[in-house]
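Please work through each task before reading its solution.

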Number of protein chains: 2
Amino acid sequence: MAVRECRTTFVSGLDVALDVAGGKWKGLILWALSDGPKRFGQLRRCLSGVSEKMLIQHLRELERDEVVHREVHQAVPPRVDYSLTAFGATLVEALRPLSDWGTEHRSRLEAVRTAAARPAPGKTAAL
Amino acid sequence: MAVRECRTTFVSGLDVALDVAGGKWKGLILWALSDGPKRFGQLRRCLSGVSEKMLIQHLRELERDEVVHREVHQAVPPRVDYSLTAFGATLVEALRPLSDWGTEHRSRLEAVRTAAARPAPGKTAAL
DNA sequence: CCCGGCACTCACCTTTTGGTAAGTACCCCA
DNA sequence: TGGGGTACTTACCAAAAGGTGAGTGCCGGG
C-alpha cells in the first residue's frame with residue numbers, strides 16, 4: 001500500500017517465455033530446428049545426451065505451444081518430421097540476444113565462479 | 001560420424017545465460033533493480049510471494065556472477081543496498097526481447113494451452 | 001516489557017525436473 | 001531367426017529447485 005516502491009507491471013513476460021523455452025533441452029531443440037526440419041531420430045542424435053523421454057516430452061510441449069510443427073508421414077517405417085513454425089521462429093529470434101550474451105560472457109562467468117568457489121587463493125581477501 | 005546432421009556449435013550460450021538468470025525470481029529481481037538500487041526489505045516487498053530464503057539465495061548468486069552489487073552500510077539497524085552492475089545492465093538488455101516476446105504472446109499461449117488441456121470441448125475428437 | 005522491523009541463517013519438507021530402463025508394433029536385412 | 005532401426009510409452013527413481021517456519025542480535029516505539 002506504500003507509494004509504490006517498485007514496478008510490478010510486465011514482470012511476467014519473462015516467466016511466460018521461460019515457461020515455453022525454459023526446459024533443459026528446449027533451446028537446443030529450437031536451435032536445431034531453426035536449421036531446418038528434422039526427424040525424431042535426427043534430433044535425438046543432434047542433442048547428444050538427451051533421453052528419448054525428455055526429447056518427446058519437450059517436443060510435445062513445444063508442439064502444444066505451437067512453436068514446433070509435427071508431421072506424421074504414414075509410411076512403412078514410421079516417419080515423423082518436426083519443424084519450426086513461424087511463431088517458433090519469432091521465439092528463436094527473441095532468444096538470440098540472450099544466447100549471444102551467454103556466448104560472449106561465458107569465460108568471464110566461469111572465471112568469476114571459479115574465484116568465488118575457492119575462498120582463499122593466495123592473497124588475503126581484502127575486505 | 002554422419003555428414004553433420006545438425007549444428008552443434010554455440011548451443012551453450014543460452015545455457016550459460018539461463019544459468020545466470022534462470023531462477024524463479026531472478027528476472028523479477030533484475031527488473032526491480034533496473035529501476036534503481038533497492039534495500040533487501042524493499043525487494044522482498046516488491047517480489048510479493050518470494051520467501052526470504054529464495055530471495056537471499058538468488059541475490060547471492062547474482063552477486064557472485066557480478067550482475068548485482070551488494071553494499072553494506074554499517075548502521076544501527078542493518079542496512080544493505082542491492083544494485084545492478086554495468087554487467088548486470090547488459091544482461092537485462094539481453095533479457096528484454098524475450099520478456100517482450102512473452103508479454104506480446106501471453107494471451108495466445110494461454111488460449112492454446114487451455115484448448116490443449118480439454119480434449120473434447122464439444123466436437124467429437126476425430127481419431 | 002514485549003513486539004516489530006532490520007537482514008539474515010538454518011533445518012526440514014514438498015514439488016518439479018530430469019534420467020534409466022524396459023516394453024510396444026512393425027519392418028528390413030543378413 | 002534374430003538384430004537393428006523407426007517412433008514412441010510407461011513405471012520407477014534421483015537430484016535439484018523451491019517453500020515453511022523457526023531462530024539470531026540489535027534497536028526503537030507503544
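The exercises below refer to a predicted model.

**Exercise 1. The surface near DNA strand D**

Task: Determine which residues are closest to DNA strand D, which part of the strand the protein meets, and which elements supply the surface.

Solution. 
Step 1. DNA strand D is surrounded by 21 residues, and the closest are A:E52, A:R70, A:Y82, B:K24 and B:K53.
Step 2. Of the atoms of DNA strand D that come within 4 Å of the protein, 68% belong to sugar and phosphate.
Step 3. Individual atom pairs can then be listed. The side chain of A:R70 places a polar atom 2.4 Å from a phosphate oxygen of DNA strand D. A polar backbone atom of A:P78 is 3.1 Å from a sugar or linking oxygen of DNA strand D.
Step 4. Two or more residues each come from α3 (40-46), α4 (52-64) and β3 (79-84) of chain A, and from α4 (52-64) of chain B. The most is given by α4(A), with four residues.
Step 5. Sorted by class, this surface has nine nonpolar, four polar and eight charged residues.

**Exercise 2. The surface near DNA strand C**

Task: Carry out the analysis for DNA strand C, stating which residues come nearest and how the surface divides by class.

Solution. 
Step 1. There are 22 residues around DNA strand C, of which A:K24, A:K53, B:E52, B:R70 and B:Y82 come nearest.
Step 2. Sugar and phosphate make up 67% of the DNA strand C atoms that come within 4 Å of the protein.
Step 3. Phosphate oxygens of DNA strand C are approached by side chains of both chains: an N or O atom of B:R70 at 2.4 Å, a polar atom of B:Y82 at 2.9 Å, and a polar atom of A:H58 at 3.5 Å.
Step 4. The elements that give two or more residues are α4 of chain A and α3, α4 and β3 of chain B.
Step 5. The residues of this surface divide into eight nonpolar, four polar and 10 charged.

**Exercise 3. The interface between chains A and B**

Task: Describe the interface by its buried area, its polar interactions and the elements of chain B that form it.

Solution. 
Step 1. Contacts join 48 residues of chain B to 47 residues of chain A.
Step 2. The size of an interface is often expressed as the accessible area lost when the parts come together. Here the two chains bury about 5,000 Å² between them, with 65% of it on carbon and sulfur atoms.
Step 3. Six salt bridges are counted between chain B and chain A. One of them joins the side chains of A:R113 and B:D65, at 2.8 Å from N to O.
Step 4. On the side of chain B that touches chain A, at least two residues each come from α1 (12-21), α2 (26-33), α3 (40-46) and α5 (86-117). The most is given by α5(B), with 18 residues.
Step 5. That side of chain B comprises 21 nonpolar, 12 polar and 15 charged residues.

**Exercise 4. The surroundings of B:D81**

Task: Is B:D81 buried or exposed, and with which side chain does B:D81 make a polar contact?

Solution. 
Step 1. B:D81 belongs to strand β3 (residues 79-84) of chain B.
Step 2. Buried means under 20% relative accessible area. B:D81 has 17% relative accessibility and therefore counts as buried.
Step 3. Leaving aside residues up to four places away in sequence, B:D81 touches B:K38, B:R39, B:H69, B:R70, B:E71 and B:H73.
Step 4. The polar contact of the B:D81 side chain is with the side chain of B:H73, at 3.1 Å.

Technical notes: Residues are numbered from 1 along each chain as its sequence is written. Chains are lettered from A and ligands numbered from 1 in the order in which they are written. This is a predicted model: local features need pLDDT of at least 70, side-chain atom pairs count only at pLDDT 80 or more; totals for chains, interfaces and linings use all residues. Side-chain values use heavy atoms; hydrogens and water are left out. A residue is near a molecule or strand if one of its heavy atoms lies within 4 Å of it. A polar contact is a pair of N or O atoms within 3.5 Å; within protein, one must be able to donate a hydrogen and the other to accept it, and residues adjacent in sequence count only if both atoms are side-chain atoms. Ala, Val, Leu, Ile, Met, Phe, Trp, Tyr, Cys and Pro count as nonpolar, Asp, Glu, Lys and Arg as charged, and the others, Gly among them, as polar. Contact means heavy atoms within 4.5 Å. Buried area is the accessible area (1.4 Å probe) that two parts lose on being put together, summed over both. A salt bridge is a side-chain nitrogen of Lys or Arg within 4 Å of a carboxyl oxygen of Asp or Glu. Buried means under 20% relative accessible area, exposed over 50%, partly exposed in between (1.4 Å probe, protein chains only).
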